Amino acid sequence: MELLIASAIGIMTAAGFYLVLRLRTFPVIVGTALLTYAVNVFLFASGGLRTGAPPILRDGVEAYADPLPQALVLTAIVISFGMTAVVVVISLGAYLGAGEDRVNDDGPRIDPVRAGRAR
């Protein structure tokens, strides 16, 4: 089970990095979402994968699931949803303002000799 979870985290991370390095905004947004999913699965798996264990320790229960990774993942989901919404709105504004959705801006290059900054 651990090999499957580790492989899924690795594949999501690799796909997320590949998409973040693209030159359009939509693949960058999808890539950051994949990276946040990979981090969420990593945080969840770091608490140990237990099935059938209660979430809190009670009388007569010897083993329980750690609630801290669950709380961290829940917080990370809320934060990533908010940040994804912000990035979508910023990229939409940039697209409407510039007329294209390219991530990098290859603006006019200034020659340092012509600009008076010769070395």
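A residue counts as buried when its relative accessible area is under 20%, as exposed when it is over 50%, and as partly exposed in between (1.4 Å probe, protein chains only). The structure is a predicted model, so local features need pLDDT of at least 70 and side-chain atom pairs count only at pLDDT 80 or more, while totals for chains, interfaces and linings use all residues. Residues are numbered from 1 along each chain as its sequence is written, and side-chain values use heavy atoms, with hydrogens and water left out.

The overall fold comes down to three helices and zero strands, which gives the pattern α-α-α along the sequence. Helices (H or I, at least four residues) and strands (E, at least two) are DSSP runs, numbered from the N terminus. Of the 119 residues in the protein chain, 13% are buried. Contact means heavy atoms within 4.5 Å; among contacts between residues at least 6 apart in sequence, 50% join residues at least 24 apart. The accessible surface, worked out by the Shrake-Rupley method with a 1.4 Å probe (for residues, only the protein chains shown count as cover), comes to about 9,300 Å², and 67% of that belongs to carbon and sulfur atoms.

Now for helix H2. The expected span of a helix is 1.5 Å times one less than its number of residues. The 22 residues of H2 should therefore span 32 Å, and the end C-alpha atoms are 31 Å apart, which agrees. Buried residues in H2 include Thr-25, Val-28, Ile-29 and Gly-31, and H1 and H3 are among what covers the buried residues of H2. Just after H2, Gly-48 takes a positive phi of about 95°.

Side chains of opposite charge can pair when their charged atoms come close. A salt bridge is a side-chain nitrogen of Lys or Arg within 4 Å of a carboxyl oxygen of Asp or Glu, and by this rule the count comes to one. Arg-24 pairs with Asp-101, their closest N and O atoms being 2.9 Å apart. This pair ties together distant parts of the chain, 77 residues apart: Arg-24 sits in the loop between H1 (2-20) and H2, and Asp-101 in the segment after H3. Asp-101 is partly exposed, because its relative accessible area is 24%.

Finally, Leu-49 lies in the loop between H2 (25-46) and H3 (67-98), and its relative accessible area of 38% makes it partly exposed.
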